[in-house]
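Thanks, everyone. I have one model to walk through.

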Amino acid sequence: MAIWPLVVGVFIGNCCVLFLGFYIGIAQSNSGSVFWLVTLMLIIALLASALIVKLFFGRYYKFLAVIKAGLLYFQDGEFAVKLMPGGDVKLQELRDIFNQVAHCLQESRQQIVQREFLLETIFDKVTSALLLTDHRKKIVLANPAARQLLGAGKAIKGMTLSDVL
């Protein structure tokens, strides 16, 4: 997003309003009214500049709020989020990238779920006692034979190896 056209436009607009104020003030050639006229023109120029900035940047602030909401969904583990098309071309590029990332994350999540299901199915079918532990030696997955051998059929998931041995 190029900000220079906006800055130049606001500067030129302010200069034009001030020049107009000075021109009218000189034409009246009354020093007291010139001060108030220039002050009024300056206030009008500042208000016009503020309006231009709000109109120009308003859509970007709204877009940033939408992106933030989408990222909060990602943080919560929800990846089925899509941003609707439309608007500025540069914003559309960001929307497309956001939607591509959301799609990749959703596919990756689906693959992980399928692999976990396959792993649990294989674990449950094996007749030997099998345990899967994490780096802290906590049991993440145990098949029925391991639960029967180490926990008398009770759930041992989440326990440490030293607890069940």
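**Salt bridge, cores and a helix**

Arg136 is exposed, with a relative accessibility of 54%. Exposed means over 50% relative accessible area, buried under 20%, and partly exposed in between, using a 1.4 Å probe and protein chains only. A note on the source: this is a predicted model, where local features need pLDDT of at least 70, side-chain atom pairs count only at pLDDT 80 or more, and totals for chains, interfaces and linings use all residues. Residues are numbered from 1 along each chain as its sequence is written, and side-chain values use heavy atoms, with hydrogens and water left out.

What does Arg136 pair with? Asp134, in a salt bridge whose closest N and O atoms are 3.2 Å apart. The criterion is a side-chain nitrogen of Lys or Arg within 4 Å of a carboxyl oxygen of Asp or Glu. Asp134 is partly exposed, at 23%. The structure holds one salt bridge.

Now the cores. A nonpolar core joins buried Ala, Val, Leu, Ile, Met, Phe, Trp, Tyr and Cys residues through side-chain atoms within 4.5 Å. The largest has 11 residues, including Phe57, Phe74 and Phe98. Helices H2 (31–75) and H3 (89–125) each supply at least two of its residues. H2 gives the largest share, five residues. Helices here are DSSP runs of H or I, at least four residues, numbered from the N terminus. Another core, of five residues, lies apart from it, with Ala142 and Ile156 among them.

Last, H3. Its buried residues include Leu91, Arg95 and Phe123.
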